[in-house]
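Subject: Structure handover and notes

Hello,

Here is the structure you will be working with. My notes follow below it.

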Amino acid sequence: MVGIILASHGAFAEGIKESAQMIFGNQDKFEAVVLKPSMGPDDFRANLEAAIEKLDCDEVLFLCDLWGGTPFNQSSAVLDGHEDKWAIVAGLNLPMVIEALSERFTEESAHKIATTIITSAKEGVKAKPDSLNPVEKAAEAEAKTDSEVEKKMVGGTIPEGTVLGTGEIDIPVARIDTRLLHGQVASNWTKAIRPDRIIVVSDNVAHDALRKQMIMEAAPPGVHAHVVPIKKMKEIQDDPRFGATRALLLFEKPQEVLEFLEMGGKLDTVNIGSMAHSKGKVVVTNVLAMDKDDVETLEKIKSMGVKYDVRKVPADSPENYESIIKKAKSELNM
């Protein structure tokens, strides 16, 4: 595994490390080294060398806040003689760190990760309203209008009946998540399964213009986000023009999954990520809350032959569904 060191002036590196782990989960071989006002370059260098020793990695990636600053300069000094396996990237931001953590799941070269994350770091810098962005960003945002999205989701200009790829949309993950498209999904799951589309399947969200727009804007670089009604998702699954599409499906609640299946939709496995607490629900785990309707719905989905994968992020070990549902039934006196 590539070891990662965040280096900054002040507590910035420590804060961004904490933020990244809130999204990505606790990480091994991931250190932060900070330059405090009372410290000199030699003090920082000593802490940096201690962090390198703690990593115990052949491949090391330094992510520094400012090109030419002390953290960068001292990282450059320790890099000397290790240029074949170590790398430095300046301009530290959260998208950069998340991308680096994602890439090291499958990439064992610090140099290759450094090359990859620069694009994500740049694409993470943008403004709202869109008119404040450079011309190329404004043009990109304009291309993601509702009408264009809907056009793509019904096959665009591809003639009806055309068979692309396998003729059936590839759905590596269908997830129940009250928060829908957020950091853990945009970073962890997207990096793990590499879809070309994220599709939120919800009648409620499809008719909520504000939520729909926010979801589309939250799509990670290189992935299109769409919001469609449940019936439309069934049509998409049946349309051979989507045979070359790999999609991550997001459902806000289990009742939407059941409705999709009862329409004839097909899912082999459903990932249960989060179900928020509200009045009438009991807390089953730190991210799952259920009422009687939720329990009955989940059990009915299971009776249809669907398997469950209960975990927040790909790096987590799956939890036992039977134990969770047993606890929910006990708390709800079912």
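Helices (H or I, at least four residues) and strands (E, at least two) are DSSP runs, numbered from the N terminus. Under that scheme, helix H12 is followed by Gly264, whose phi is positive, near 110 degrees. Before going further: this is a predicted model, in which local features need pLDDT of at least 70 and side-chain atom pairs count only at pLDDT 80 or more, while totals for chains, interfaces and linings use all residues. Residues are numbered from 1 along each chain as its sequence is written, and side-chain values use heavy atoms, with hydrogens and water left out.

Helix H12 spans residues 254–262, and its buried residues are Pro254, Glu256, Val257, Leu258, Phe260 and Leu261.

Strand E8 (residues 246–251) is mostly covered, with five of its six residues buried. Two strands count as paired if DSSP finds at least two bridges between them. Strand E5 (residues 170–177) runs parallel to E8 and is joined to it by five bridges; in that pairing, Arg175 has Leu250 of E8 as its bridge partner. E6 also pairs with E8 in the parallel sense, over four bridges. There, Arg197 has Ala247 of E8 as its bridge partner.

Salt bridges

A salt bridge here is a side-chain nitrogen of Lys or Arg within 4 Å of a carboxyl oxygen of Asp or Glu. The search of the whole structure finds 17 of them.

One of these joins the side chains of Arg194 and Glu103, at 3.3 Å from N to O. This pair links distant parts of the chain, 91 residues apart: Arg194 is in the loop between helix H8 (183–193) and strand E6 (197–201), and Glu103 is in helix H4 (residues 94–103). Arg194 counts as partly exposed because its relative accessibility is 45%. Glu103 has 10% relative accessibility and therefore counts as buried.

Helix H11 (residues 230–238) holds both partners of two further pairs that I looked at. The side chains of Glu235 and Lys232 meet in a salt bridge at 3.1 Å, N to O. These two are three residues apart in H11, so about one helical turn separates them. Glu235 is at 40% relative accessibility, which means that it counts as partly exposed.

Asp238 is partly exposed, with a relative accessible area of 46%, whereas Lys234 is buried, with a relative accessible area of 16%. Elsewhere, salt bridges that share partners join Lys281, Asp291 and Asp294 into one network.

Cysteines

How many disulfides are there? With a disulfide taken as a pair of cysteine sulfur atoms within 2.5 Å, the count comes to zero. The cysteine sulfur closest to that of Cys57 belongs to Cys64 and is 16 Å away, so it is too far for a bond. Cys57 is buried, with a relative accessible area of 13%. Cys64 is in no disulfide either, and Cys64 is buried with a relative accessible area of 0%.

Annotated domains

UniProt positions are given in the numbering used here, feature names are shortened, and annotations may be inferred rather than shown by experiment. The unreviewed UniProt entry annotates "domain: PTS EIIA type-4" over residues 1–125. In the model, that span is 50% helix and 18% strand, with its end C-alpha atoms 28 Å apart. The record also lists "domain: PTS EIIB type-4" for residues 167–332, in an unreviewed entry. Residues 167–332 are 39% helix and 23% strand, and the end C-alpha atoms lie 44 Å apart.

Cavity

On a 1 Å grid over the protein atoms alone, a cavity is a set of points where a 1.4 Å probe fits but cannot get out, and lining residues have an atom within 4 Å of a point. Grid points are joined across faces, edges and corners, and a volume is the space filled by probe spheres set on the points. The whole structure has one cavity of 30 Å³ or more. The largest cavity has a volume of about 40 Å³, and its lining consists of Phe24, Gln27, Phe105, Asn188, Val313, Pro314 and Ala315.

Regards

Key
Buried means under 20% relative accessible area, exposed over 50%, partly exposed in between (1.4 Å probe, protein chains only). On a 1 Å grid over the protein atoms alone, a cavity is a set of points where a 1.4 Å probe fits but cannot get out, and a pocket is an open set with protein on both sides within 12 Å along at least five of seven lines; lining residues have an atom within 4 Å of a point.
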